[in-house]
Amino acid sequence: MKEIRSLAAPLFYAFSAFLGLIVLLFVGVFLYSEDPSLFRVKQKMAEASSESEAETETEWAPKDVQAALTSGEMDEMVEYGYHLVAESASYMGPNAEDPAMQFAGNTLSCTNCHLDYGTKPGSASWVGVVDRFPQFRGRENREGTIEDRINGCMQRSMNGNALPEDSKAMKAIVAYMSWLGEDLPKEKEKMYKGFVSVELPEEAVDLERGKAIYTKECAVCHQDNGQGVAAAGSGGAWVYPPLWGDDTYNDGAGMHRVITAAQFIKANMPFGVATWEEPKLTDEEAYHVAGYINSFTRPEKPNKEADFPDRKLKPMSTPYGPWADNFSAEQHKYGPYGPIAEFYMEEYGIKKSK
């Protein structure tokens, strides 16, 4: 009798366990039929992780420069850098109180071209720019620093003189640019780099067509005479900067090249309307109006012939020689650029797009 009882206990527990498994199985089948997603734990975790990553990506946005300035959260050097690039004429140009700080030769501000205080895609944004240096520059035919690049603008776009590399002003400008690029996600770096591309027409610039486009799309801000609109009581700041004449970028600036100017115009003009994602002007319109703007006189950059020691590296739309080809100065300035691009590919194996 004792032996039967000793066998009954294990059998009872085994039967109970088996019955429990059957119940769990039926419950599981029922729940799965009602909501299969309950059993996709790994899938749910992966989806949650992806959503979290997506949220992190969309959360990043360029600095709200004015908000940071108003709140006082800018570092002192960053704020000084901001004033140098946003109020250049007064801080390092002709209107600077200290004659020793009058480095810029015109009354433009750096932010007249590097729009939204250097944060706008398609306008040679400064977001992430510091991390791209040192880099090789064909114009000097050597690897250059971010300070070299800034001084290139000072001598060309600002028609002035180089800042001392160890000066407080130079360090402040670099600090401001570095601040703009803080925590820039890798996947967004390309968006803030350089200009948009332009498909070049297979024809030279048509100055009459360019004038018509300028009159329709540009003159309302920059005026018929291209001299822009100054801010009231600004002491030289511009609401809309001059595009030609004595108080603008010189003929050694990158913006004096038709292709570069067309790329900038496509993504940014008319101001406040066009973006790099949704331009208003067509590639052809940007091309012709860029040629028209650059058909007028502007300050001359001295010693331009020293640019691009390796002449093969000179952009084909550079309007001043010498060049590593026999195309005319007129064609280098106004196109058509297809034959020039073909020559460099056949002769030197160099693919040129600007």
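Trainee: Is F343 buried, partly exposed or exposed?

Mentor: This is a predicted model, where local features need pLDDT of at least 70, side-chain atom pairs count only at pLDDT 80 or more, and totals for chains, interfaces and linings use all residues. Residues are numbered from 1 along each chain as its sequence is written, and side-chain values use heavy atoms, without hydrogens and water. Buried means under 20% relative accessible area, exposed over 50%, partly exposed in between (1.4 Å probe, protein chains only). F343 has 25% relative accessibility, so F343 counts as partly exposed.

Trainee: How many aromatic pairs does a search of the whole structure find?

Mentor: Rings of Phe, Tyr and Trp (its six-membered ring) pair if their centres lie within 6.5 Å. Planes under 30 degrees apart count as stacked, over 60 as edge-to-face and the rest as tilted. Searching the whole structure gives 18 aromatic pairs.

Trainee: What kind of pair do W244 and F296 form?

Mentor: Their ring centres are 3.9 Å apart. The planes meet at 10°, so the pair is stacked.

Trainee: Is W244 buried or exposed?

Mentor: Take the relative accessibility of W244, which is 7%. On that value, W244 counts as buried.

Trainee: Which lysine lies over the face of Y348?

Mentor: A charge sits over a ring if NZ of Lys or CZ of Arg is within 6 Å of the ring centre and within 35 degrees of the ring normal. At 5.8 Å from the ring centre of Y348, the residue is K312.
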